[in-house]
Amino acid sequence: MAVAENWKEKSSELDYRHQAFINNDYVDAASGATFDCVSPVDGQVLTQVASCDAEDIDRAVRAARAAFESGAWADLAVAKRKRVLLKFADLISDHADELALLETLDMGKPISSSRGGDIPGVAGSVRWFAEAIDKIYDEIGPSDGKGLGLITREPLGVVGAVVPWNFPLLMAAWKFAPALAAGNSIIIKPAEQSPLTALRVAELAAEAGLPAGVFNVVPGFGETAGQALGRHMDVNALAFTGSTEVGKLFLKYSGESNMKMVSLECGGKSPNIIMEDTEDLDVAAREAAMGIFYNSGQVCVAASRLLVHENIRESFLEKVAEFGATMEPGDPLDNATQQGSMVDENQMNRVLQYIDKGKSEGAKLAMGGSQVRQNSGGYYIEPTIFDQVSNDMTIAQEEIFGPVLSTITFKDPEEALKIANDTIYGLRANVWTSNVNTAHKMAKALKAGTVNINTTDGGDITMPFGGFKQSGFGRDNSLHAIDKYCQLKSTYIRIT
Ligand code: NAD
């Protein structure tokens, strides 16, 4: 597709891939079952997608296993693997308009985000791991003089990836890019709310030259297809991104099947701490608003708890509300829109229930709180701010996954830290201060996989991404991500 100015017109030209992609072929579910793929932009059905279950997962695992054992990908010289992956990245970039449009229609996020953030991020991920793979060396252990100890990395074999709907293709790419670079075969189970981009990108993988069976996409529901992948006896590793509740199930599936390696990127309830000495409160307020309203708050690292020093609470909250008001939901297909729809009606209702809960538990609704754009047929919620929240309230403890900010005050850094760490999650924390000592001390004391100082949006693909506590374990991004998709082999060679 050429650069699209009129996204609505372009959407009528789309050809939705709706079958599973197994062994480089599009196939129906063995049962013939399908489910409606509904666009949250306007509530209309886009297509019927194959509703796969255990039989289809088994078929994909067999294809992935055969591809792996053939060595067609795993044993390919790394320079050749790199070339194929670079071509794959180029094809994703060439189809960026089409993929961005699919993502927006399927998931409801603004086209400016999918075209400007998600899809370039997917191509960037594939490119980064392609470039990395021929620069990673194996090791030789310190010798005892009588032999040679080789420590080599080997791909695991068949990797399952079960991913969520908030950044559908990007979260899949964070798994498939390092897994493929390391030489594995992969089976992706996209979220039932957003399967379209993974299904489309599969044929680009084949076009780039990935051998049959190396890249498979099996759409379906969590309890059927997701569980079958988690329990399959011939899957070596399962990489999951999604809720903490479902993450725990994958540990159980592994324990009850073949002890496959599990890595979990789960939920968050990130604190955004605004100290009294913050240098630029305008910047901090704009990022506080972006940090919770971007992607309609459907972000695992969303800065959902605003911890603000009591002396600046009132003026700071006014500024956050001012920026928040510029992020009213609009038509996701309009280039100017900054906030789109919630992913589906369920998620909208879930968020509205949390807003009711906040009110009933005594928090003060300072802004928003309602569904808007009902006439569109979609599921839009306005930017919402609660003031006078205490950290034991439900809206401060549970992951809402919507555009809802909970404001809590503190008196000193010790109290801020205590509140910040008082959660089951530990994905990200942000601190705003002009004092380097405060910044350093708090960064060390915060129990989170990522700490940002003076931003809510730090880090890129060069930095490990993942959680402490019940936000999971294992890291996406950076060279550390490759560790999840390899195992170490020690080979000792006696020299005589
Ligand atoms: P979810 O846990 O409901 O679903 C995630 C995936 O798991 C989907 O593919 C779903 O089909 C599958 N699934 C659901 N039930 C299952 C079951 N019983 N067995 C097997 N698979 C099952 O999460 P979601 O609602 O799609 O996404 C939102 C969640 O994802 C939030 O909690 C968010 O914080 C988290 N998330 C985390 C990160 C991160 O990197 N830490 C990134 C994005 C999203």
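Modeller: Happy to! Let's begin with arginine 17, which forms a salt bridge with aspartate 15, their closest N and O atoms being 3.5 Å apart. A salt bridge here is a side-chain nitrogen of Lys or Arg within 4 Å of a carboxyl oxygen of Asp or Glu. This is a predicted model, where local features need pLDDT of at least 70 and side-chain atom pairs count only at pLDDT 80 or more, while totals for chains, interfaces and linings use all residues. Residues are numbered from 1 along each chain as its sequence is written, and side-chain values use heavy atoms, with hydrogens and water left out.

Another such pair joins glutamate 13 to lysine 10, with 3.9 Å between the closest N and O atoms. In total, the structure holds 26 salt bridges.

Now to the part I would look at closely, the meeting of the domains. An automatic or database domain assignment sets the bounds, dividing the protein chain into domain 1 (12-266) and domain 2 (271-462). The contact (heavy atoms within 4.5 Å) takes 25 residues from domain 1 and 29 residues from domain 2. Between the C-alpha centres of the two domains there is a distance of 31 Å.

The size of an interface is often given as the accessible area lost when the parts come together. Domain 1 and domain 2 bury about 2,100 Å² between them, 63% of it on carbon and sulfur atoms; this is the area lost to a 1.4 Å probe, summed over both parts.

On the domain 1 side, helix 4 (96-107) and helix 5 (111-133) are the elements giving two or more residues. Helices are DSSP runs (H or I, at least four residues), numbered from the N terminus. Helix 5 supplies the largest share of that side, seven residues. By type, the residues of this side divide into 13 nonpolar, 10 polar and two charged, where Ala, Val, Leu, Ile, Met, Phe, Trp, Tyr, Cys and Pro count as nonpolar, Asp, Glu, Lys and Arg as charged, and the others, Gly among them, as polar.

Conventions. Buried area is the accessible area (1.4 Å probe) that two parts lose on being put together, summed over both.
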